[in-house]
Amino acid sequence: MLTSEDNVLCIKFDNIEDVQEFSRIANEFTGDVDLYQGRVIIDGKSLLGIYSMDIEKEIKIKIYNGSLEEFSLKIKRFLV
């Protein structure tokens with residue numbers, strides 16, 4: 001889901017396999033991906049960082065230096 005903020009998406013994972021798939025997609029993306037949950041900000045390309053988050057809750061993604069549309073198409077199954 002696109003929000004009113006620039007280059008921000010909201011996602012949610014159902015299981016660990018989703019996290020691994022998201023991390024693989026993020027690492028193939030040329031731009032920067034940050035994940036936000038509460039006050040915590042994690043590098044979206046860090047599998048270990050993502051595991052430190054509560055994956056059962058909604059996570060916001062901010063995209064830098066890349067195409068939001070391109071990235072959102074690749075991760076559409078995780079979008080809330």
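The structure is a predicted model, in which local features need pLDDT of at least 70 and side-chain atom pairs count only at pLDDT 80 or more, while totals for chains, interfaces and linings use all residues. Residues are numbered from 1 along each chain as its sequence is written, and side-chain values use heavy atoms, with hydrogens and water left out.

Four strands form an open sheet in the order E1-E4-E2-E3. The pairing is antiparallel. Strands (E, at least two residues) and helices (H or I, at least four) are DSSP runs, numbered from the N terminus. Two strands pair if DSSP finds at least two bridges between them. E1 and strand E3 (40-43) stand at the edges with a single partner strand each, so one side of each has no neighbour in the sheet. From one strand to the next, the twist averages 30 degrees. Axes here are lines fitted to C-alpha atoms, for helices over the stretch in contact, and angles run from 0 to 180 degrees between N-to-C directions.

E1 and strand E4 (residues 59-64) run antiparallel and are joined by four bridges. Val8 has Lys62 as its bridge partner in E4. Cys10 has Lys60. In a regular strand the side chains alternate between the two faces of the sheet. Both faces of E1 are covered. Val8 and Cys10 are buried on one side, and Leu9 and Ile11 are buried on the other. Buried means under 20% relative accessible area, exposed means over 50%, and partly exposed lies in between (1.4 Å probe, protein chains only).

Strand E2 (residues 32-37) is joined to E3 by four bridges, and these two strands also run antiparallel. Tyr36 stands opposite Ile41 in E3. The hairpin of E2 and E3 has two residues between the strands, and Gly38 takes a positive phi near 65 degrees there. Most residues other than glycine have a negative phi. Asn65 has a positive phi, near 55 degrees, and is not a glycine. Asn65 lies in the loop between E4 and H3. At 70% relative accessibility, Asn65 is exposed.

A search of the whole structure finds five aromatic pairs. Rings of Phe, Tyr and Trp (its six-membered ring) pair if their centres lie within 6.5 Å; planes under 30 degrees apart count as stacked, over 60 as edge-to-face and the rest as tilted. The rings of Phe13 and Phe22 have centres 5.5 Å apart and planes at 65 degrees, so this pair is edge-to-face. Both Phe13 and Phe22 are buried. Phe13 and Phe78 also make an edge-to-face pair, with centres 5.5 Å apart and planes at 65 degrees. This second pair links distant parts of the chain, 65 residues apart. Phe13 is in the loop between strand E1 (8-11) and helix H1 (16-28), and Phe78 is in the segment after helix H3 (68-74). Phe78 is buried, at 2% relative accessibility. One aromatic cluster is formed by Phe13, Phe22, Phe29, Phe71 and Phe78.

Ile16, Leu47, Leu48 and Tyr51 make a nonpolar surface patch of about 360 Å². Patches are made of residues with over 30% relative accessible area and no salt bridge: like charges are joined within 9 Å, nonpolar side chains (Val, Leu, Ile, Met, Phe, Trp, Tyr) within 5 Å. Accessible areas come from the Shrake-Rupley method with a 1.4 Å probe; for residues, only the protein chains shown count as cover. Helix H2 (residues 47-51) gives the most to the patch, with three residues. Leu48 is found in H2 and is exposed, with a relative accessible area of 69%.

Five salt bridges are found in the whole structure. A salt bridge is a side-chain nitrogen of Lys or Arg within 4 Å of a carboxyl oxygen of Asp or Glu. Arg24 forms one with Glu28, and their closest N and O atoms are 2.8 Å apart. Both residues lie in helix H1, four residues apart, about one turn of the helix. Arg24 is partly exposed, at 39% relative accessible area. Lys57 and Asp54 meet in another salt bridge (3.8 Å, N to O). Lys57 is exposed at 52% relative accessibility, whereas Asp54 is partly exposed at 33%. Glu70 and Lys74 form a salt bridge with closest N and O atoms 3.5 Å apart. These two are four residues apart in helix H3, about one helical turn. Glu70 is partly exposed at 35% relative accessibility, and Lys74 is partly exposed at 43%. Salt bridges that share partners join Glu21, Arg24 and Glu28 into one network.
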